[in-house]
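Here is a short walk through one protein model. Keep the structure in view and turn to each residue as it is named.

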Amino acid sequence: MLRRGFLFPPILILAACGTSNRDARVDPQLAAEIAKIQAIDNHAHPVRPTLPGEKPDDEYDALPVETLEPQSDPVRNRPGAPELLDAHKKIFNGDKAAAAKTYGLDYAVHVLDQLNIETMLANRVAVGPGLPAPRFLWVPFADALMYPLPTAGIAHNPDQKAFFADEDRLLKRYYAESGVTAKPATLDDYLTKVVRATLERHKNAGAVAEKFEMAYLRSLDIGDPAKADAEKVYASGKGDYKALQDYIFRFIASECARLGMAVHFHAAAGGGGYFSVAGGSPMLLEPLFNDPSLRKANFVMLHGGWPYARQLTALLTKPNAYVDFSEQTFMNYPRDVSEGIRAWLEYVPEKVLFATDAYPFAPPDMGWEEAAYLANWTGREALGLALTGMMRDNEITRDRAIELAHMVLRDNARKLYHLK
Ligand SMILES: [Zn+2]
C-alpha cells in the first residue's frame, strides 16, 4: 500500500499540470460503463461466413471498393499501420482462420460477441445463412432503382464506370426478383412493378432501412422535378436524366416512410481518388429534410458527414434527420471524432447513433473484423472523450453522461428502428 501511495502521486501531479481539457482522458467510471454497453451498430458491411466449397461472399457492398483506382490512403489505414496489426492480434488471438473453422456459420456472431455489439445493421446486397437476425439486421441498397436508363453517359471517371456497371447488374437482379423481364412502358409501371415491388420485398425480408451510395455516383443535390418531366425522360430515354433520378429517389423515400424503413445516405467523404467530397456534403440534403411531403421519412446521415461534421449539427434540428459516426471511427483518431460527437450531443443527443462501417477493406490484414475492432474501440473512446469534456465543463453530470452513452450506443437506434 505504501509503495502504491509513493508511486501514484507524481503521476497524478504530472497529469494535472500538463493537461488542458484537450489532453484529458476519458473519466474512468464513465469509460467502464461505456465498455459494458451492448451496442447497436448502425452501419456495417459484415462478410457472410461460407462453408468449405461454397463461393466466397461477394455481397457485402453494391459498390465494392476493389474496383477503385489507387488513392492516397489515410495513415491510420495503410498496410502495416500499428493499430491494424494490433486489431488483427486481438481478433480471435490473431488466428481468424482457426476461428472460422471452429465456428463455421456462427463465425460472424462470435465476432460481434468479441466486440460487445449486440446488433449490427448489415448493409449488404443480400443477407443469408451466417448473418442471422436479430444479431444482424438487413439494410439493402436502393441506388440501382434510380437508373432505369443506360448509364454510360453519366459515368465521368474510371471508378464511376465500374460502379455504374455494378448498379446495372443490381437493377437486373431487382427486375428478375420482381418478375419483370423488360423495362416497363411507363414510369408509373416501372415505379409500381419494379421499385415498389423491390422495396416491399426488402421490407418483408426484414430490412430496416434502404441505403443510398449516391455520393459515389452523383451529387446529393436532389431536386424536385415535375412528374411530367420525369415521364418524358423515362419514355424517350433523352433529356435531363438527373430529373428522372430525382423523381425516382423521392418516390423511394416516400415508400420507405410508408413501409417504416429509414433512408440511409453515405453523407461524407468517401473512398477513391475521384470521389467528390463537395458532392457528398450532407448540407446538400437540407431541401429534402425540409420538404413537407417527406417529413415522415427518417433520414440517417452515415459517417457523421466528415469533413462537414460541425455544419451537420444544425441539420439535426430537422425532426427527420439523424447522424451516425461510422467510417470516421477507423479513418480518424478518437480526439477528432469526439469533437463532432460533442457538438451533436450538446444539441440534439437523441439523434446520434454509434456505428462502425466495418468493411473488408484489405483482407486478410484489414478484414471487416479488424475494421470493426478499430471502429468499435475508436467510437467508444470518442464518445467517452466527448462526454468527459461535457462533464468537466459542467454541462452535464456523470449520471447524465452515462445516460447519453446508453442513448448513443443503443437506445436511439432501438427507437428509430422500433427494436425490442
Ligand atoms: Zn458503408
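Phe-92 counts as buried, because its relative accessibility is 10% and the cut-off for buried is under 20%. Bear in mind that this is a predicted model. Phe-92 is found in the loop between α3 (82–90) and α4 (96–103). Its backbone deserves a look. Phi of Phe-92 is near 50°, a positive value in a residue other than glycine.

His-418 also has a positive phi, near 55°, and is likewise not a glycine. Its setting is the segment after α15. Is His-418 buried or exposed? His-418 counts as exposed, because its relative accessibility is 68% and exposed means over 50%.

Helix α4 holds Lys-101. Lys-101 counts as exposed, at 75% relative accessibility.

Next comes the metal site. Which residues coordinate the zinc ion? The donors are His-43 through NE2, His-45 through NE2 and Asp-357 through OD, at 2.0 to 2.3 Å. Along the sequence, these donor residues are spaced H-x1-H-x311-D. His-43 lies in strand β1 (residues 39–44), while Asp-357 lies in the loop between β8 and α14, so this pair ties together parts that are 314 residues apart in sequence.

His-43 counts as buried, because its relative accessibility is 1%. Asp-357 counts as buried too, because its relative accessibility is 6%.

Stay with Asp-357. Its loop runs between β8 (352–353) and α14 (368–392). Although buried, Asp-357 has no salt bridge. How far away is the nearest side chain of opposite charge? That side chain belongs to Lys-211 and is 6.1 Å away. Asp-357 does have a polar contact: its side chain and that of His-45 are joined at 3.2 Å. Beyond its neighbours within four places in sequence, Asp-357 is in contact with several residues, including Asp-41, His-43, Ala-44 and His-45. Also among them are His-303, Ser-326, Glu-327 and Phe-330.

The loop between β8 and α14 holds another feature. Pro-364 lies there. The peptide bond from Pro-363 to Pro-364 is cis, with omega near 5°. A cis peptide bond also joins Trp-306 and Pro-307, where omega is about 5°. Pro-307 is found in the loop between β6 (299–302) and α11 (309–315).

Trp-306 leads on to Asn-332. Leaving aside neighbours within four places in sequence, Asn-332 is in contact with Arg-76, Trp-306, Val-337 and Thr-378. Asn-332 lies in the loop between α12 (328–331) and α13 (334–345). Asn-332 counts as buried, because its relative accessibility is 10%.

Turn now to the aromatic rings. How many aromatic pairs does the structure hold? There are 17. One of them is formed by Tyr-216 and Phe-275. The pair is edge-to-face, with 4.9 Å centre to centre and 70° between the planes. Tyr-216 lies in the loop between β4 (209–212) and α8 (227–236), and Phe-275 in the loop between β5 (262–266) and α10 (286–289), so the pair ties together parts that are 59 residues apart in sequence. Both Tyr-216 and Phe-275 are buried. Elsewhere in the list of aromatics, Phe-212, Phe-249, Phe-265, Phe-289 and Phe-299 form one cluster.

The last stop is Ile-396. It lies in the loop between α14 and α15 (398–416). Ile-396 is buried, because its relative accessible area is 15%. Which residues does Ile-396 contact, leaving aside its neighbours within four places in sequence? They are Leu-387, Met-390, Met-391, Ala-401 and Leu-404. Finally, compare Ile-396 with Ala-358. The two are 38 residues apart along the chain, and their C-alpha atoms are separated by 31 Å.

Technical notes. Residues numbered from 1 in each chain as written. Predicted model: local features only at pLDDT ≥ 70, side-chain atom pairs only at ≥ 80, totals over all residues. Heavy atoms only, no water. Helix = DSSP H or I, 4+ residues; strand = E, 2+ residues; numbered from the N terminus. Buried < 20%, exposed > 50% of the residue type's maximum accessible area, 1.4 Å probe, protein only. Lys, Arg positive; Asp, Glu negative; His and termini not counted. Salt bridge = Lys/Arg side-chain N within 4 Å of Asp/Glu carboxyl O. Polar contact = N/O pair within 3.5 Å; in protein donor to acceptor, adjacent residues only side chain to side chain. Contact = heavy atoms within 4.5 Å. Donors = N, O, S within 2.8 Å, 3.2 Å for Na, K, Ca; no water. Phe/Tyr/Trp six-rings, centres within 6.5 Å; stacked < 30°, edge-to-face > 60°.
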